[in-house]
Amino acid sequence: MAGMKELANLVKELEEQLVTCIRCGMCQSVCPLFEQTRKEADVARGKLALLTGLMDNIFTDPDGVNERLNRCLLCGSCAANCPSGVNVVEIFIKARAILAEYKGLSPAKKLIFRQLLANPGRFDALVEWAGRFQGLFTKPSADAQGTSCARLISPLLANRHFMPLSTTPFHKTLPEKGVTSTGSRLRAAFFTGCLIDKIFPNVAKASLKVLSHHKVGVVIPPGQGCCGIPALASGDRDSFTRLVDHNLAVFEKEPFDVLVTACATCTSTIKKLWPTVYKNPSDDIRQKLTALAEKTMDINQFLVDKVGIEPLDTLLIKGSEKEIVTYHDPCHLKKSLGVADQPRQVIMAAGCKLKEMAGSDKCCGMGGSFNIYHYDLSSTIGKIKEENIEKTGCTTVSTGCPACMMQISDMLGKAGSSIKVRHPMEIYASRLKKNTP
Amino acid sequence: MIPRSIQDALQKIVGPQHLLTQKEDMLTYSYDAAVLDPVMPAAAVIPENTTQLGEIIALCHENHIPITVRGSGTNLSGGTIPQTSGIVVLTGRMNRIIEINEADMYAVVEPGVVTAILASEVEKLGLFYPPDPGSMAVSTIGGNVAENAGGLRGLKYGVTKDYVMGLQFFDATGNYIKTGSRTVKCATGYNITGLMVGSEGTLGVLDQVILKLIPAPKARQAMVAVYDTIEQASETVAGIISARILPATLEILDNFTIRAVEDFSKAGLPKDAAALLLIEVDGHPAVVAEEAEQVEALCRKMGARTIDQAENDAQRDRIWAARRAALSALAQLKPTLVLEDATVPRSRIPDMVRALQEIGKKYNIDIGTFGHAGDGNLHPTILTDRRNKEEFHRVEQAIEEIFDTALAMGGTLSGEHGTGIAKAPFLEKEAGYSSILFSRQLRAALDPRNILNPGKITGV
């Protein structure tokens, strides 16, 4: 391990961003983690102070700061409410990378990110095999959310109600050379994302159906990889950069007007992190990343702002008593990208009655790997969400992010709730089916 | 560092997970929102209840360990910057609203209750807790009481001190003191409640606060007036007060702030305007209608270019969003923001506004001025980069001149941010040496071992 002074110099890269925090402490009012623990090291102001401390070389080892820095959902609630506009998520992501590069990744993470995630083909194959065998270790839990739980007591799975891997990932349902269709108007490339591909393929299928209903041309190139956020959240900028390279090449082959995703986290990663965190981009790459980021959109936003949707004539649907839906704002849609109205419009256009929950834009507590390392805290935060959902009396909760869908399914499943969890595209597409026999 | 035996004793009181001693955590309790150098404490403890709090104080007294109590650490005067040899007592777990009494209109709360949460809980019952410091979304009642926090409604509704009916606290030795009562009137004993409010943790450690509540106003009317000169705006402020109207809020934004807000939030503010007045009257609907009309006429008479009344809640929200954005918008311009709160008698607002503009020019620094014009409490906000030593020196000179100017007008160094460390060296200018001496004697008598937030207010 190199000297702390060298680390201090590395953190100096962040100085201009770190000094913008005026220590006002307003982040305490919105941080879902701080709400639980009320410890300053858990809120953005404290973490920014810790990074400044690293830069000032006041610590003898980086572990204490590293550990605290990783206790964060990366939900961006702080950044969205920051009076001085500190780019907290970007700072934390970069800091995690600096620390991981300085300390070295753990062997397990090295295996997962470098050998698997950064090799989309190998990753897909492994997950496919896992999907076939998962029934040996887990059992479906007969709930409305379709979750599974462990067959045997497992410390890794604990009492989770997790979404099982789909037996057929989305990309396997497509022709080998991908999809290219011409619509009558815009042409959208579809970035699938791992969770939708492997756990919620129905969201992708629904999205395609909606796009084709609206006569939007679609491009789905084969061999897509992960957006890179799991690697990045663990500070693995190399794997992230490799994944971005891979995806850039994959999406260069066919022309398109807009890159859409049905995953809030993928959208936010492509738009916000690809251009800013890519390691040492050449001018050419930088240009490509910026151009792609500008073309990238959440699918709800695309549908409402670019395509334009009218309320579906749901009266024609036989027995379509209005379904009561509440909508959860994924942090990576509302706080990161300001997309909040469009998914609601999609739900209402599908003829559902939208009933707002208290704190609809409060983080569900998932936070990607935060859920793995801090499951108790993640569940405590998730429980608040679950209760707010239940209080609306809804039959379905909808959200535009598969990671939120997993967390909410886990929470509702454990509470024995009969509320279904659906992506807005699934809701909208299901009405199309009934509408156009 | 504090001895291992004391760490053990603290741990026994609060439990291992509520005693923090690692350097990383200490760094996170070394600062507050004031622009001052951080100081790391030796430990931080998070008591859950009165018993634990009392035991901590008794232990510290016995062992001569300084105590700094911290709510959300949002004060702007360094009131929660601890001592190297001391501990920080966090009030985060003592955050229960013990009682909201509708019949007698008071609330009893623990010090860690967040101001905005209390305000929204009482609002649900048709009651009103008016003090609304800018940080109320995170600030705690304990901190508000300790700093005598103000807010936008000071003009008509007063500040925190006007709502504290009684307190229960530990003195420096760990004795439990009760002062004030749940009655509207109370004439027994010394007014220790009054002494404790604004004492910044130097006279005792709060355990419970009894707060006065009032009926919520039935109607309100917000409006915004645009001016071509800042003199016209500040003359309007004086004019409204002398017409015997007390708006709930009467805020001013100068041109520098208007431009910053508009660039930041694109709210449609006129960037060429020299000043804006944001005004809200509240109370009985008939009175509100009449006063709104009077205020509008006054604004016009004083030369307002335009005046717009909010026609609905959405328009009202837009007006106040512009005010709330002021600090954010200014904060984005430069890395360091020094938010001052020197306050003058409200009739001197026009003079103060002029003086601030001259001071900005004289020291060649950026000052955005906004704030509570109606109660004389302006917020000259200086934008700088603390790393630029030469400029920061000019900033410090400018601040001192702002202080002198305010005092020369019969004002005070701080309307609502408190003395803390930041203003302690200047207090003598305002109050005189004998007043400092009196305060020091008072402290010495009540806290002979000088463990309660040393260094704040009186300088020792």
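**Figure legends: chains A and B of a predicted complex**

Buried residues make up 52% of the 437 residues in chain A of this predicted model.

**Figure 1. Overall fold of chain A.** The secondary structure of chain A consists of 22 helices and 11 strands. Its radius of gyration is 21 Å, close to the 22 Å that the globule rule gives for 437 residues, so chain A is as compact as a globular protein of that length. The C-alpha trace of chain A extends over about 70 × 50 × 45 Å along its principal axes. Among the contacts in chain A with a separation of 6 or more, 78% are accounted for by residues 24 or more positions apart. The buried share of the chain is 52%.

**Figure 2. Packing of helices H1 and H4 in chain A.** Helix H1 (residues 4-11) of chain A packs against helix H4 (residues 44-55) of chain A at an angle of about 125°, and the two axes lie 7 Å apart. On the side of H1(A), the contact is formed by Leu7(A), Ala8(A) and Val11(A). H4(A) contributes Leu51(A), Leu54(A) and Met55(A) to this contact. By class, the residues of the contact of H1(A) with H4(A) comprise 6 nonpolar, no polar and no charged.

**Figure 3. The loop between H3 and H4 of chain A, at Arg38(A).** Arg38(A) is placed in the loop between helix H3 (32-37) and H4 of chain A. The phi angle of Arg38(A) is near 50°, a positive value in a residue other than glycine. A residue is buried if 20 or more other C-beta atoms lie within 10 Å of its own, and exposed if 12 or fewer do. Arg38(A) has 19 C-beta neighbours inside 10 Å and therefore counts as partly exposed.

**Figure 4. The loop between H14 and H15 of chain A, at Asn280(A).** Asn280(A) is located in the loop between helix H14 (264-277) and helix H15 (283-295) of chain A. Phi of this asparagine is near 40°, again a positive value in a residue other than glycine. Asn280(A) is exposed, because 8 other C-beta atoms lie within 10 Å.

**Figure 5. The contact between chain A and chain B.** In the predicted complex, 23 residues of chain A are in contact with 24 residues of chain B. On the side of chain A that touches chain B, H4 and helix H5 (63-70) of chain A each supply at least two residues. H4(A) gives the most to this side, with 4 residues. The side of chain A that touches chain B divides by class into 10 nonpolar, 9 polar and 4 charged residues. For the complex, the predictor gives an ipTM of 0.94 and a pTM of 0.92.

**Figure 6. Overall fold of chain B.** Chain B has a mean pLDDT of 95, and 100% of its residues reach 70 or more. The secondary structure of chain B comprises 15 helices and 18 strands. The radius of gyration of chain B is 23 Å, close to the 23 Å that the globule rule gives for 460 residues, so chain B is as compact as a globular protein of that length. Along its principal axes, the C-alpha trace of chain B spans about 70 × 60 × 40 Å. Of the 460 residues of chain B, 53% count as buried. Residues 24 or more positions apart account for 71% of the contacts in chain B with a separation of 6 or more.

Figure 7. Gly194(B) belongs to helix H7 (residues 192-196) of chain B. Gly194(B) has 14 other C-beta atoms within 10 Å and is therefore partly exposed. Between Gly194(B) and Lys161(B), which are 33 residues apart in sequence, the C-alpha to C-alpha distance is 7.2 Å.

Figure 8. Glu293(B) is part of helix H10 (residues 285-301) of chain B. With 13 C-beta neighbours inside 10 Å, Glu293(B) counts as partly exposed. Gln309(B) lies 16 residues from Glu293(B) along the chain, and the C-alpha atoms of the two residues are separated by 9.6 Å.

Methods
Residues numbered from 1 in each chain as written. Chains lettered and ligands numbered in written order. Predicted model: local features only at pLDDT ≥ 70, side-chain atom pairs only at ≥ 80, totals over all residues. pLDDT = per-residue confidence, 0-100. Axes fitted to C-alpha atoms, helices over the stretch in contact; angles between N-to-C directions. Contact = placed C-beta atoms within 7 Å. Nonpolar A, V, L, I, M, F, W, Y, C, P; charged D, E, K, R; others polar. Rg over C-alpha atoms; globule rule 2.2 N^0.38 Å.
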